[in-house]
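Please go through the structure shown here.

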Amino acid sequence: MAFAPASIGNVAVGFDMLGLALEGVGDRVKARRREKPGVTIDTVYGLDGKPHPYLSTDPNHNTASIAAKALWNDYGDGGGIEISVYKGVPLQSGMGSSAASAVAATVAVNALLGTPLPIEALLSYALAGEQYASGSLHADNVAPSLLGGMVFCPPVLWPEVVRLPVPKGGSAALIHPELQVNTAQSRRTLAKAYSMEQWLSQQGYFGGFIAACASGDIELLGKTLKDVIIEPQRASAVPCFAAVKEAAEKSGALGFSLSGSGPSMFALCESNVAARVAIAMEQACRSFGIDCQSYVSSMAAPGAHIQE
Ligand code: HSE
């Protein structure tokens with residue numbers, strides 16, 4: 001059984017090029033050999049442990065099997081593979097749900113190869129699955145889910161990705177409100193042109209944030225964890241966004257934004273205040289009558305791995 005963690009796309013500063021793995025929440029995929037050639041899906045289980053009501057078990061229409069097939073077609077021995085998918089990441093949550101399925105599938109199938117590939121080599125296969133679900137080629141969920149921690153994966157460097165240092169004692173607190181945002185749809189509505197002023201600001205924040213992570217400069221991290229380009233266009237899809245942000249900042253968060261395309265939101269903070277930040281965010285969200293669940297994770301969360 002392979003486990004692949006949920007992840008925070010964009011990490012506020014790096015749209016489509018920066019991602020952070022989350023510990024303790026993810027998808028699992030079991031893969032086994034079958035005589036019949038090709039890749040098939042046995043069952044996709046939902047968060048409640050029951051067969052998922054609408055995720056497809058057609059191998060051409062499921063993120064996990066598309067990723068598994070891409071890998072098996074290149075390296076399989078001509079036999080067959082059957083996979084079972086156990087969802088742990090809610091759909092359309094902004095927590096990298098499709099990426100987690102795709103990554104777990106590649107890691108599970110890789111373990112069945114005569115000579116398994118190094119983990120970095122699975123990226124492009126997992127991305128094939130993620131692309132099917134999100135309708136675009138961005139690796140900021142797949143890369144951290146596969147490799148763990150914080151990963152820099154700009155499309156211009158693809159297929160090269162860079163694992164980045166994270167400050168010691170840094171944590172992420174994430175809140176998932178019971179809402180759904182379709183990433184493909186959300187991407188379609190983004191503006192296509194931006195001003196020089198926006199570009200300069202965001203570049204400054206991005207560079208400063210990376211420098212802050214590398215040097216462990218918490219103060220600089222707090223000053224730079226900002227998204228002046230994408231967040232303002234997406235925040236209105238989450239009615240409690242401003243209140244949750246204020247609650248996070250008041251309870252000690254260094255910075256706050258949407259996770260991926262939302263509706264999940266995250267704060268980065270020093271680990272000793274992370275639980276407090278998560279509780280404050282939950283309270284603010286619930287005050288809008290929106291149910292929610294929060295997660296706290298080290299910024300150095302492990303990536304995908306075989307569990308048993
Ligand atoms: N970078 C992607 C986006 C992540 O923001 O659309 C989606 O999870």
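The points below are grouped by topic.

This is a predicted model: local features need pLDDT of at least 70, side-chain atom pairs count only at pLDDT 80 or more, and totals for chains, interfaces and linings use all residues. Residues are numbered from 1 along each chain as its sequence is written, and side-chain values use heavy atoms, with hydrogens and water left out.

**Nonpolar cores**

- The largest nonpolar core has 39 residues. A nonpolar core is a set of buried Ala, Val, Leu, Ile, Met, Phe, Trp, Tyr and Cys residues joined through side-chain atoms within 4.5 Å. Buried means under 20% relative accessible area, exposed over 50%, and partly exposed in between (1.4 Å probe, protein chains only).
- Ile83, Val103 and Val109 have the most contacts inside this core.
- Elements giving it two or more residues include strand E1 (2-9), strand E2 (18-34), strand E3 (38-45), helix H1 (63-75), strand E4 (80-86) and helix H2 (97-110). Helix H3 (123-134) and helix H4 (142-147) are also among them. Helices (H or I, at least four residues) and strands (E, at least two) are DSSP runs, numbered from the N terminus.
- H2 supplies the largest share, eight residues.
- Valine 103 touches Ala4, Ala126, Val142, Ser145, Leu146 and Ala304, not counting residues up to four places away in sequence. Contact means heavy atoms within 4.5 Å.
- Another core, of 27 residues, lies apart from it; Ala100, Leu174, Phe206 and Leu225 are among its members.

**Helix H3**

- The 12 residues of H3 should span 16 Å at 1.5 Å a residue, and the end C-alpha atoms are 16 Å apart, which agrees. The expected span is 1.5 Å times one less than the number of residues.
- Its buried residues are Leu123, Tyr125, Ala126, Leu127, Gly129, Glu130 and Ser134.
- They pack against H1, H2, H4 and helix H5 (183-188).

- Aspartate 27 lies in strand E2 and is buried, at a relative accessible area of 0%.
- Its side chain reaches the backbone nitrogen of glycine 88 at 2.8 Å. The backbone nitrogen of valine 89 lies 3.0 Å from a polar atom of the aspartate 27 side chain. A polar contact is a pair of N or O atoms within 3.5 Å; within protein, one must be able to donate a hydrogen and the other to accept it, and residues adjacent in sequence count only if both atoms are side-chain atoms.
- Histidine 52 is found in the loop between E3 and H1. Histidine 52 is buried, with a relative accessible area of 17%.
- The histidine 52 side chain reaches the backbone nitrogen of leucine 55 at 3.1 Å.

**Ligand site**

- Residues around the ligand include Asn10, Phe15, Asp16, His138, Asp140, Asn141 and Arg234. Here, a heavy atom of the residue lies within 4 Å of the molecule.
- A polar side-chain atom of aspartate 16 lies 2.5 Å from a ligand nitrogen atom. For aspartate 140, the distance from such an atom to a ligand nitrogen atom is 2.7 Å.
- A polar side-chain atom of arginine 234 lies 2.8 Å from a ligand oxygen atom.
- Taken alone the ligand exposes 260 Å², and the protein buries 97% of that. Accessible areas come from the Shrake-Rupley method with a 1.4 Å probe; for residues, only the protein chains shown count as cover.

**Backbone details**

- The peptide bond from tryptophan 158 to proline 159 is cis, with omega near 10 degrees.
- The bond from glycine 262 to proline 263 is cis, with omega near 5 degrees.
- Alanine 12 has a positive phi of about 65 degrees although it is not a glycine.
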